[in-house]
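Reader: I would like to go through this model term by term, asking in each case what value stands behind the word that is used. Could we begin once the structure is in view?

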Amino acid sequence: MASTYLTRTVGTPTNSKKFTFSCWVKLTKLNSSAVFLGNYADTSNRSELGLSSGNSMQYFARDGGSTYVDMYTTRTLRDTNAWYNLIWAVDTTQATASDRVKFYINGVQETAFNGENYPSQNTDLKLNTSGQVINIGRLPNNAKYVDGLMSHVHFCDGSQLAPTVFGSTDSTTGEWQINTSPSFTLGNNGFTILKDGNTITDQSSNSNDFTL
C-alpha cells in the first residue's frame with residue numbers, strides 16, 4: 001500500500017474561480033480510489049481530483065456539507081503499463097455549465113459522464129483558497145493514496161488551459177507526447193514539481209515548494 005505524499009499550504013490565489021491541474025501518472029493498482037491533488041478539512045469540506053474506485057477520472061468537491069462538483073467520466077483507465085496525461089481545466093465564470101469543468105485524458109476531452117454535477121457560475125473553488133492544506137498523492141485525511149507513479153505535475157492558478165500546453169499528438173504514431181517544458185502564466189499558487197526525477201522543489205519561478 002502506498003504511504004508517500006506531498007503537502008503544502010496554499011497562499012492567496014490569483015483567481016479562486018479558475019485553475020488547471022495537469023499530471024502524468026502510471027498506475028500500479030486498479031479498482032482503488034486515488035487522489036492526485038486534494039484538500040480536506042472534514043468530510044463536509046474537501047476537494048478531490050483523482051480516480052474513483054471504478055478507475056474513472058473524477059472531480060468531487062464539498063463546501064459546508066453541500067456538494068458543488070461531482071463528476072465521473074464514463075471512460076476508465078485500465079492499462080497499468082501506460083503513462084496517462086490527466087488534465088482538469090476549470091473556470092466557473094463560464095456561462096455554459098459544461099465549459100466550467102473540462103477533463104482531458106491524453107489530450108482528448110472527455111464528454112461522457114456517469115455523474116455530471118457542474119459547479120454553479122462564479123463558484124469559488126476551495127482547492128485554491130488561501131490557507132488550505134493540499135496534498136499530492138492522497139486525500140489529506142490519510143486516505144485514497146495513489147498506487148503508482150506521478151511525474152511532470154503542473155498547477156496553473158488563474159487560467160483554464162488547453163491540453164496542448166502540456167502535450168501534443170505525434171503526427172506519425174498518433175500518440176500523445178509530453179511537453180517537458182510547458183509555458184503558461186503560473187498565478188500566485190502555480191507550480192511545477194516532479195519534473196526532473198523526484199524533485200519536489202517547485203521548478204517554476206514561484207518557489208511553491210512541497211514537503212515530503
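Author: In this predicted model, Asn208 is in contact with Arg8, Asn188, Asn189, Gly190, Phe191 and Asp202, once its neighbours within four places in sequence are left aside. Asn208 itself is placed in the segment after β15.

Reader: Why is Asn208 called buried?

Author: The relative accessibility of Asn208 is 9%, and the word buried applies under 20%, so Asn208 counts as buried.

Reader: What makes Ser207 count as exposed, and what is said of its phi?

Author: Exposed requires a value over 50%; Ser207 has 53% relative accessibility and therefore counts as exposed. Ser207 also lies in the segment after β15 (191-193), and its phi is near 60°, a positive value in a residue other than glycine. Most residues other than glycine have a negative phi.

Reader: Which value of phi does Asn55 have, and where does Asn55 lie?

Author: The phi of Asn55 is near 75°, again a positive value in a residue other than glycine. Asn55 belongs to the loop between β4 (45-51) and β5 (56-63), and because its relative accessibility is 2%, Asn55 counts as buried.

Reader: How do you know that the count of disulfides comes to 0?

Author: The rule asks for a pair of cysteine sulfur atoms within 2.5 Å, and by this rule the count comes to 0 disulfides. For Cys23, the nearest cysteine sulfur is that of Cys156, 15 Å away, and Cys23 is in no disulfide. Cys156 is likewise in no disulfide, the nearest cysteine sulfur being that of Cys23 at 15 Å.

Reader: Why is Pro119 called buried, and what is it in contact with?

Author: The relative accessibility of Pro119 is 0%, so Pro119 counts as buried. Pro119 is found in the loop between β10 (113-117) and β11 (133-136), and, leaving aside its neighbours within four places in sequence, it is in contact with Tyr68, Val69, Thr92, Arg100 and Val101. Its C-alpha atom is separated by 28 Å from that of Ser151, which is 32 residues apart from Pro119 along the chain.

Reader: What lines the largest pocket, and how do its residues divide by type?

Author: The largest pocket has a volume of about 410 Å³. Of the 19 residues that line this pocket, the closest to its centre are Thr4, Gly148, Leu149, Met150 and Leu194. Strand β12 (residues 148-157) gives the largest share of the lining, 4 residues, and the lining residues divide into 11 nonpolar, 6 polar and 2 charged.

Definitions and conventions:
Residues numbered from 1 in each chain as written. Predicted model: local features only at pLDDT ≥ 70, side-chain atom pairs only at ≥ 80, totals over all residues. Heavy atoms only, no water. Helix = DSSP H or I, 4+ residues; strand = E, 2+ residues; numbered from the N terminus. Buried < 20%, exposed > 50% of the residue type's maximum accessible area, 1.4 Å probe, protein only. 1 Å grid on protein atoms, 1.4 Å probe; cavity = no way out; pocket = protein on both sides within 12 Å on 5 of 7 lines; lining within 4 Å. Points joined across faces, edges and corners; volume = space filled by probe spheres on them. Nonpolar A, V, L, I, M, F, W, Y, C, P; charged D, E, K, R; others polar. Contact = heavy atoms within 4.5 Å.
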